[in-house]
Amino acid sequence: MLFLELGLNNIYPKENKILVQKIINKGGAVLSEYNFGTRPEKKNFPQRNRIISGLSDGVLVVEAKEKSGSLITIDFALEQGKEVYAIPGNITSLNSVGTNKIIKEGAKVVTNVNDIFEDL
């Protein structure tokens, strides 16, 4: 399943047209809550993340900068009562600042896949 932050006739980036076609050909679904013809806009990306977290049992963050779309998804997941998981990152990496922050705030630490399977 693929979720889009734009109308179904404006696939972005254009390279994703092949992915969309593969998903459809295999019987998958491509979803968008936006009207046909909606162009990609930065403000629509967080709403896509709301749908992704809403359809998920939990959300795993692998890497996230201090200000990251992943953290927006986590906020939606928490509002929706979803489990939040994070893989700890190197403390000197900017790509781990957000990930390590959500661990400090209570996200479940994942060091192997069984850490998630225990909850399912």
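Q: What do the buried residues of H3 pack against?
A: In this predicted model, the buried residues of H3 pack against H2, S3, S4 and helix H4 (97-104).

Q: And which residues in H3 are buried?
A: The buried ones in H3 are Leu71, Thr73, Ile74, Phe76 and Ala77.

Q: Nice. What's at the start of H3?
A: There, a side-chain oxygen of Ser68 comes to within 3.0 Å of the backbone nitrogen of Ser70.

Q: And just after H3?
A: You'll find Gly81 there, with a positive phi of about 75 degrees.

Q: Let's talk core. Which residues make up the largest nonpolar core?
A: It has 10 residues in all: Val59, Val61, Ala64, Leu71, Ile74, Ala77, Val84, Ala86, Ile102 and Ala107.

Q: Which elements give two or more residues to this core?
A: Three are on that list: strand S3 (58-61), helix H3 (69-79) and strand S4 (83-86). H3 provides the largest share, with 3 residues.

Q: Pick out Val84 for me. What is it in contact with, leaving aside neighbours within four places in sequence?
A: Val84 touches Val59, Ile74, Ala77, Leu78, Ile102, Ala107 and Lys108. Among these partners, Val59, Ile74, Ala77, Ile102 and Ala107 also belong to the largest nonpolar core, as does Val84 itself.

Q: Switching topic: where is Thr38?
A: Thr38 sits in the loop between strand S2 (30-32) and helix H2 (45-54).

Q: Buried or exposed, that Thr38?
A: Thr38 counts as buried, because its relative accessibility is 18% and the cut-off for buried is under 20%.

Q: What does the side chain of Thr38 reach?
A: The Thr38 side chain reaches the backbone oxygen of Asn35, at 2.8 Å.

Q: Zooming out, what pattern does the chain follow?
A: Along the sequence, the protein chain reads β-α-β-α-β-α-β-α-β-α, with 5 helices and 5 strands.

Q: How much of the chain is buried?
A: Of the 120 residues in the protein chain, 31% are buried.

Q: And the contacts, what part comes from residues 24 or more positions apart?
A: Such pairs account for 62% of the chain's contacts with a separation of 6 or more.

Q: Last one: how many positive and negative side chains?
A: The protein chain carries 15 positive and 14 negative side chains, and the centres of the two sets are 10 Å apart.

How values were computed: Residues are numbered from 1 along each chain as its sequence is written. This is a predicted model: local features need pLDDT of at least 70, side-chain atom pairs count only at pLDDT 80 or more; totals for chains, interfaces and linings use all residues. Side-chain values use heavy atoms; hydrogens and water are left out. Helices (H or I, at least four residues) and strands (E, at least two) are DSSP runs, numbered from the N terminus. Buried means under 20% relative accessible area, exposed over 50%, partly exposed in between (1.4 Å probe, protein chains only). Contact means heavy atoms within 4.5 Å. Lys and Arg count as positive and Asp and Glu as negative; His and the chain ends are not counted. The place of a charge is taken as NZ of Lys, CZ of Arg, CG of Asp or CD of Glu. A nonpolar core is a set of buried Ala, Val, Leu, Ile, Met, Phe, Trp, Tyr and Cys residues joined through side-chain atoms within 4.5 Å. A polar contact is a pair of N or O atoms within 3.5 Å; within protein, one must be able to donate a hydrogen and the other to accept it, and residues adjacent in sequence count only if both atoms are side-chain atoms.
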